[in-house]
Amino acid sequence: MLAILSTTPAVHSSAELYEPAAAVTAPYPTAGGVARRSTGGGGATRRRRGPWAVVPPAQPGPSVVLLYHIEKTGGSAVMKWLKRQTHAPSRLAAVYSYSQTSCFFALHADLFPGMEPRWRDKLCGGAAPLDWRSSKVAVEFHSYSKGFFLRSVLPALGALKRRYAEANGTVVAVTSIREPASHLLSKYRMWPPRTADRTHAVPLPAWLASGEAHSLQSRALLSERPALPGCEGLTEARARLGKFDLVGVTHCLRPLLAAIEERLGLPHDPARTGAALAAYHRPQHWGGAIGREASEWTASRLNATGRRLLGDATRCDESLYSDALRRHRNHNRKTQVPSDSRTTPRTLPLLAHLSTSFPSSPTLAVSMEGRA
């Protein structure tokens with residue numbers, strides 16, 4: 001058996017290692033499209049179905065934000081911000097979660113016949129579909145619905161953009177990429193793999209050695225296909241990333257949100273952005289005994305062999321992250337959008353540790369130098 005553990009004590013807490021925190025402060029559709037809202041009087045609540053909000057858009061001109069939410073890359077914070085745009089004065093007519101993509105497909109049924117689009121009044125929040133020609137909406141592709149985006153939306157993206165352009169509107173495809181080692185550790189702690197009898201978490205070194213942790217973000221852009229030898233799927237993954245209009249980096253989300261505002265022709269609203277990022281909080285690890293086992297694993301607990309395995313597992317994704325950093329910085333230089341100082345420090349402890357562990361890693365070195 002490989003000697004993978006080191007005797008170096010852990011130095012990173014879960015709060016240091018993983019993405020910005022965020023508490024659920026308002027109703028939001030769940031996987032079943034169900035949310036809770038106040039009925040007034042004594043704080044009573046009742047369940048409702050439908051998107052986060054269906055309200056008249058505040059500004060003319062149609063638009064749609066297509067959010068491709070790769071797990072553990074900050075997509076939940078972006079969704080929190082999108083929901084804030086439905087608050088009065090509203091800037092979006094509706095925000096559809098990943099369980100409500102059929103509501104979006106129903107707005108353009110002719111472009112997505114393979115999705116069998118059908119408007120469901122309870123799920124979609126109204127008896128009839130919105131008029132896309134006068135509506136600003138956002139839709140999330142996450143979990144299983146990422147496959148809908150890759151199989152149906154991406155091939156029709158050009159036609160969808162032409163349709164909106166003819167109506168003096170815009171389509172913005174958005175995603176974010178995370179520093180690969182931080183992403184891998186965050187995903188491991190959030191959804192730890194289990195032993196065959198499902199009673200314990202598979203130790204991090206064993207998971208790394210199995211190959212199942214290789215190229216997690218590249219595979220997320222390739223319909224979650226199994227890891228390929230070497231970096232065989234990397235070229236295709238980078239090409240797909242290049243089709244997105246905006247690509248953010250997880251530890252610097254504020255410029256991404258400002259760029260979305262710019263693409264939609266909306267004035268920058270730092271109050272909404274600050275409130276959304278400050279309010280964001282979610283559990284950072286699995287609960288129960290298995291979660292406690294997984295949360296004990298940090299980068300500093302790995303010895304040289306374990307660090308090598310971590311480097312091997314994230315090597316292909318480093319190129320993807322390098323692409324995201326380059327686009328992020330190029331856009332910032334052109335627009336001088338605000339930096340995201342509130343979220344950057346949360347990832348720096350891990351980046352600093354790994355930059356010493358992998359001194360040859362160009363992406364880790366560049367992210368430390370410029371702090372994205």
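The model is predicted: local features need pLDDT of at least 70, side-chain atom pairs count only at pLDDT 80 or more, and totals for chains, interfaces and linings use all residues. Residues are numbered from 1 along each chain as its sequence is written, and side-chain values use heavy atoms, with hydrogens and water left out. Helices (DSSP runs of H or I, at least four residues) and strands (DSSP runs of E, at least two) are numbered from the N terminus. Buried means under 20% relative accessible area, exposed means over 50%, and partly exposed lies in between, with a 1.4 Å probe and protein chains only.

**Disulfides and cysteines**

- Taking a disulfide as a pair of cysteine sulfur atoms within 2.5 Å, the count comes to 2 disulfides.
- One of them joins Cys103 and Cys124, with the sulfur atoms 2.1 Å apart. The torsion about the S-S bond of Cys103 and Cys124 is about -85°, so this disulfide is left-handed.
- Cys103 sits in helix α3 (residues 101-107) and Cys124 in helix α4 (residues 121-124), so the pair ties together parts that are 21 residues apart in sequence. Both Cys103 and Cys124 are buried.
- Cys231 and Cys316 form a disulfide too, with their sulfur atoms 1.9 Å apart. The S-S torsion of Cys231 and Cys316 is about -85°, so this disulfide is left-handed.
- Cys231 belongs to the loop between α8 (216-220) and α9 (234-241), while Cys316 is in helix α13 (residues 304-335), so the pair ties together parts that are 85 residues apart in sequence.
- Cys231 is partly exposed, at a relative accessible area of 26%, whereas Cys316 is buried, at 4%.
- Counting bonded cysteines along the chain, the disulfides follow the pattern 1-2, 3-4.
- Cys252 is buried, with a relative accessible area of 2%.

**Nonpolar cores**

- A nonpolar core here is a set of buried Ala, Val, Leu, Ile, Met, Phe, Trp, Tyr and Cys residues joined through side-chain atoms within 4.5 Å.
- The largest nonpolar core has 45 residues, and those with the most contacts inside it are Leu66, Phe104, Phe141 and Phe149. Helix α5 (residues 146-166) gives the most to this core, with 9 residues.
- With contact meaning heavy atoms within 4.5 Å, and not counting residues up to four places away in sequence, the residues that Phe141 touches include Leu66, Phe104, Phe149 and Val153.

- In helix α11 (residues 270-279), the buried residues are Arg272, Thr273, Gly274, Ala276, Leu277 and Ala279. What covers these buried residues includes α2 (75-84) and α10 (253-264).
- For the packing values, axes are lines fitted to C-alpha atoms, for helices over the stretch in contact, and angles run from 0 to 180 degrees between N-to-C directions. Angles under 35 degrees count as roughly parallel, over 145 as roughly antiparallel, 65 to 115 as roughly perpendicular and the rest as oblique.
- α2 and α11 pack at an angle of about 135°, with their axes 9 Å apart, and that makes α2 oblique to α11.
- Ala77, Lys80, Trp81 and Arg84 in α2 meet Arg272, Thr273, Ala275, Ala276, Leu277 and Ala279 in α11.
- α10 and α11 pack at an angle of about 140°, with their axes 11 Å apart, and are therefore oblique to each other. The contact is made by Arg254, Leu257 and Glu261 of α10 with Thr273, Gly274 and Leu277 of α11.

**Two single residues**

- Ser152 lies in helix α5 and counts as buried, at 17% relative accessibility.
- Not counting residues up to four places away in sequence, Ser152 touches Phe112, Met115 and Gly147.
- Lys136 is found in strand β5 (residues 136-142) and is buried, with a relative accessible area of 4%.
- Lys136 and Ser63 are 73 residues apart along the chain, and their C-alpha atoms are separated by 4.6 Å.
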